[in-house]
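The sequence and the structure are shown here.

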Amino acid sequence: MSSLPRRVKSEAKAHTSEDNELPSFLNSSSESEEEEEEWEPKSKITKRPRLPKKNEAKPRKVAAPRSAVARKKVKKVAIKEEMDVSLPIAPAEDNRMQLLKPKEEDIGTKPKTLNQKPEVLKKMAINSFQGKNVKSWESDEKPSTSVPVVGNQVTHEKSEEDFAFGEPPFKKIKSTTCPEGKPVKNLGGNKVKEEFEMNWDIVQALSEITNVEPWVCANLIRLFQEENTIPFIARYRKELINNLEADALREVQQTLEELRTVAKKTHTMIQKLKKEGKLSGCLLTALLNCRTLEELDHVSAPYKTGSKGTKAQRAKQLGLEPAALSLLQNPVELNLFSYIRPNTKGLSTIQEVEAGVQHILADIFAKDKDTLDFIRRLCQQRYICIQSALAKVSSKSGNEKDIDKFQLYHEFSCNIKNIQHHQILAINRGENLKILTVKVNIPDGVKNEFCWWCVNERWRPKQFLKPELMRILRNSVEDAYKRLIYPLLCREFRSKLTSDAEKESVMMFGRNLRQLLLTSPVRGRTLMGVDPGYKHGCKLAIISPTSQILHTDVVYLHSGQGFREAEKIKRLLLQYNCSTVVIGNGTACRETEAYFADLIMKKYFAPLDVVYCIVSEAGASIYSVSPEASKEMPDLDPNLRSAVSIARRVQDPLAELVKIEPKHIGVGMYQHDVSQTLLKATLDSVVEECVSFVGVDINICSEILLRHIAGLNANRAKNIIEWREKNGPFINREQLKEVKGLGPKSFQQCAGFIRFNQEYIKNFCSSKKTELGSHALLTKAGAQGKKKSKLTPCASQQPNPLDQTCIHPESYNIAMRFLSFIGGNTNDIGKTDMQQKVNAIIQKEGLEGTAKSLNTTVHTLQLIIDGLTQPEGFDIRTDFDKPDFKRSIVCFEDLSVGTVLTGKVENATPFGVFVDIGVGKAGLIPVRNITEAKLSKVKKRRSLGLGPGERVEVKVLNVDIPRLRITLDLIRVL
């Protein structure tokens, strides 16, 4: 035992001496393999190694050498202390010093520290609420904001024996309750502990990239860590995210993932290089400074396995590194002739020695953070342009049609600050097809200024330099720029432009998809769906107002039998009293539309006043052969299933379109060129957001729709359906907790988006009570016992009128207090009386005053007011556009410049909006013609633009018949 303190002392000394070069986790001695393994991140357990702190705590053992068990306990206490003390914002170095002090004091006073810690935490938490009522923390009725009750929760943590090493503290502080009054901006400061620490702060980096306030970024990181979903955060945690929209949340989440990927890959590389013995202090700093994957590749490329090694590495192996460093530090004593070795390749002449030194210096310059920062700043101030030209190979041999598509980019040049996203994607596609060659042009002035700055300022030698050495220095700087820095800048610019363009393309796809999913449903009509076709006929499907299939058929309209088939169609429409025809926009759509328009104009279907609409059939054929379609319509031919799908897309677009993979819905741009992972994640998130915000009736919705509710997945949705089939309908939200696999977190996320039809539930409960009364007379012990125990819970469950609203169960207490405050009751929900009472109290007290008297936040109160005043069966989709029903048709040839038409937006892209004006070919409104003055003031918009489904009035500006192109001007939004 006596030898232990001495060894620890020596290790501590070694650590302090190397502290400037390497963090402690990379200096751990190779004697202890245990420490080496502890530093490696575990593959499945997301625990956060804080090894620099662990090693720094080693000197404690000198004061009190003890048994292994005692040491282990102390270590765990120190970790616990470390996590909580770090909550105040402080610079990194000061923070480390602050953390060391409590650790040293822990040794002799372990029990005392444990007893005192919760009080300290509670003080910190209460102070951060700046003047809130402390007593209200203990009140029974807690409002629903998302700030975790830090003080109350930490006291109930498990004992230090069970404390998981490096576990993020917020995992143990999950709570549906939260403190009263105004929310604090930060959930414990802007410092967020990450699994992989870098030289930059993740909150700051996230804030800079996304332009979101740092306190909001810090809150979002913690909310995502706690596995909260975007719909839940956007609706029920508004005060913590400064009322951000779901799109902005999605962008923050994606950027956070990118930054974490960089950090993870960096630490993997550090580990790998450390094992290979290639890690130096300078290299480590360069790696930990990397913020993007491009920077990481640039720094780590020479050290990757299989790499032949750079010119600088080969020169270092020849022993020329001291000469290169001497040229910068102490050039007076440098004699390059002493390095000449006549029989060694690379050292045989003075020219080879100079070249080797030059390569080492160029490598040093190209990996220096200050040097790279300077050249990047310089580039921001100068005119950097991206140029594309027709490739020589493609002009000789290539598809003329493909080459013509890129005619705009054959001689193209644009400033990288002004280039549009769609132009970048087009250039990239042309380059991938080997039709275009692309280069980034950085002016010579940038090179000249950079070289002057390097020689005269950043890398100016500390002593006088002989002319021949000055020449080497200048050549090194030029070599570094031309061979290493310029290619890096080009890669960075191209990568940044492509990444931004891809993100914009995906976001545009998401916005279009949302607009399409939220198309207003056409309820209460019997519809005829038509899937047009030539040879195989047009498939028909008639569906009832409740989406039941009434009849399916095939008619051949385009093979000379049109008149005879018209009789059949008329008979079917009259038989089922159907006056609305829905035509898919695929093959033969134009001819089928003309056929129906002609019959309608002749009043062939009288006495019925028949109208028709065109609907996108994108994805219908894929869905018709999918397992879901086979399960839903097992006895129907796949060709007829697509007609059913087309009709249902008008009746309830959301319920039908969620059955199709989002990327097949066809409202995007360059969707095959962008990152498929990012595209899928974004579109799935948009579907989840739409389904959640619309809400679903738990007792009638399909399993497919349930899957897309926030907090649920395929398994949980299946379990809910099974529970419903076994036990009958759900009576209230609390019953969801009885479903297998639906834990507290899942319940918290999904509960607010699930609705209950109160009338249906009341009827069910009254019939159940009658049934129970008759069973009670027959019930005997034994065989009947099980049946009784199954029925009793149903009888005891009471319906809750608040379950039909968007109010979250965590806010029910506040909702009830508010109801008593205004003198209302739950039976008045959604009625005009309720609206009048709410208006009266808000006019008298004001929204903020009412929130203060109820000890809640304004956002939570507003949500409660919305839930109580919205009429029963309220649907957010009523604000969105319905399909455009028509009776006549216009031909392409009928169009002339100046013609004013109405149409429906089909797709939106960054360069303009495509509008279906009923001529078989969509017209384009260029983005320059869409101004704020022309957009509707009434409708709330997420961005300055139009989305699929919106009806517009347009004027024809140009008709290009050979190229089938129509240019339009926007007059107004209808």
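A crossing of two helices is called left-handed if the near helix is turned anticlockwise from the far one by less than a right angle, and right-handed if the turn is clockwise. By that convention, the crossing of H22 and H24 is left-handed. The model discussed here is predicted.

**Overall make-up**

The chain has 974 residues, of which 51% are buried. Its secondary structure consists of 40 helices and 15 strands. Of the contacts between residues at least 6 apart in sequence, 71% join residues at least 24 apart.

The geometry of the two packed pairs is set out below.

| Pair | Residues | Angle | Axis separation |
|---|---|---|---|
| H11 and H13 | 214–225 and 246–276 | about 80 degrees | 11 Å |
| H22 and H24 | 421–432 and 467–517 | about 115 degrees | 9 Å |

Angles of 65 to 115 degrees count as roughly perpendicular. H11 and H13 are therefore roughly perpendicular to each other.

The contact of H22 with H24 comprises four nonpolar, four polar and five charged residues.

**Helix H40**

Helix H40 runs over residues 858–869. With 12 residues at 1.5 Å a residue, H40 should span 16 Å, and its end C-alpha atoms are 16 Å apart, so the two values agree. Which residues of H40 are buried? They are Thr-860, Leu-861, Leu-863, Ile-864, Ile-865, Gly-867, Leu-868 and Thr-869. These buried residues pack against helices H12 (230–236), H37 (812–822), H38 (832–845) and H39 (847–853).

**A buried loop residue**

Phe-196 lies in the loop between helix H9 (150–154) and helix H10 (202–210). Is Phe-196 buried or exposed? Buried means under 20% relative accessible area. Phe-196 has a relative accessible area of 11%, so Phe-196 is buried. Phe-196 and Thr-261 are separated by 65 residues in sequence, and their C-alpha atoms are 9.7 Å apart in space.

Note on methods:
Residues numbered from 1 in each chain as written. Predicted model: local features only at pLDDT ≥ 70, side-chain atom pairs only at ≥ 80, totals over all residues. Heavy atoms only, no water. Axes fitted to C-alpha atoms, helices over the stretch in contact; angles between N-to-C directions. Helix = DSSP H or I, 4+ residues; strand = E, 2+ residues; numbered from the N terminus. Parallel < 35°, antiparallel > 145°, perpendicular 65-115°, else oblique. Expected span 1.5 Å × (residues − 1). Buried < 20%, exposed > 50% of the residue type's maximum accessible area, 1.4 Å probe, protein only. Contact = heavy atoms within 4.5 Å. Nonpolar A, V, L, I, M, F, W, Y, C, P; charged D, E, K, R; others polar.
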